[in-house]
Amino acid sequence: LELVVLSGCRSEGLARAVCDAGVPFCVCWRTKAHDAAARIFSRAFFEALAHFQLVDVVGGRTTSKTDLAHYVRAFREAVDSLRFETRPGTLANGISANVP
């Protein structure tokens with residue numbers, strides 16, 4: 001296992017435990033996460049990750065594992081997608097946040 005994605009609110013503590021258990025890459029939320037925002041992020045992250053892996057296969061660079069650069073690029077793409085598709089607003093509990 002080389003990647004765990006935690007889509008739950010404030011999952012950083014669990015992500016640290018996952019990494020301490022030996023998983024090299026973990027994606028989590030430090031804050032509360034609006035369900036729609038988590039879906040936007042996850043979709044963009046996995047689409048980007050699949051795209052970058054496909055590009056490497058087509059380009060002749062095939063590996064059995066995904067390297068750090070793929071994860072970083074996919075993460076950045078997902079963050080950009082989330083920023084593009086959200087706006088400042090208020091969650092149902094009254095907390096100010098970026099919402100879809």
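Good morning. The structure holds zero disulfides, a disulfide being a pair of cysteine sulfur atoms within 2.5 Å. This is a predicted model, in which local features need pLDDT of at least 70 and side-chain atom pairs count only at pLDDT 80 or more, while totals for chains, interfaces and linings use all residues. Residues are numbered from 1 along each chain as its sequence is written, and side-chain values use heavy atoms, with hydrogens and water left out.

I turn now to the salt bridges. Side chains of opposite charge can pair when their charged atoms come close. The criterion is a side-chain nitrogen of Lys or Arg within 4 Å of a carboxyl oxygen of Asp or Glu, and by this rule the count comes to three salt bridges.

Which residues are linked in a network of salt bridges? They are Glu12, Arg16 and Arg30. Glu12 meets Arg16 with an N to O distance of 2.8 Å. Both residues lie in helix H1, four residues apart, about one turn of the helix. Helices (H or I, at least four residues) and strands (E, at least two) are DSSP runs, numbered from the N terminus. Arg16 counts as exposed at 52% relative accessibility, whereas Glu12 is partly exposed at 23%. Glu12 also forms a salt bridge with Arg30, the closest N and O atoms being 3.5 Å apart. Since Glu12 sits in helix H1 and Arg30 in the loop between S2 and H2, this pair ties together parts that are 18 residues apart in sequence. Arg30 is exposed, with a relative accessible area of 65%.

Another salt bridge joins Arg43 and Glu85, whose closest N and O atoms are 3.8 Å apart. Arg43 belongs to helix H2 and Glu85 to helix H3, so the pair ties together parts that are 42 residues apart in sequence. Arg43 is partly exposed at 43%, and Glu85 is partly exposed at 35%.

Finally, the pockets. On a 1 Å grid over the protein atoms alone, a pocket is an open set of points where a 1.4 Å probe fits, with protein on both sides within 12 Å along at least five of seven lines; lining residues have an atom within 4 Å of a point. Grid points are joined across faces, edges and corners, and a volume is the space filled by probe spheres set on the points.

The largest pocket has a volume of about 440 Å³. Of its 24 lining residues, Trp29, Thr31, Lys32, Ala37 and Leu82 are the closest to its centre. Helix H3 gives the most to this lining, with four residues.

The second largest pocket has a volume of about 360 Å³. Its lining comprises 15 residues, with Phe25, Cys26, Val27, Cys28 and Phe75 nearest the centre. Helix H1 (12–20), strand S2 (25–27) and H3 each give two or more residues to that lining.

Technical notes. Buried means under 20% relative accessible area, exposed over 50%, partly exposed in between (1.4 Å probe, protein chains only).
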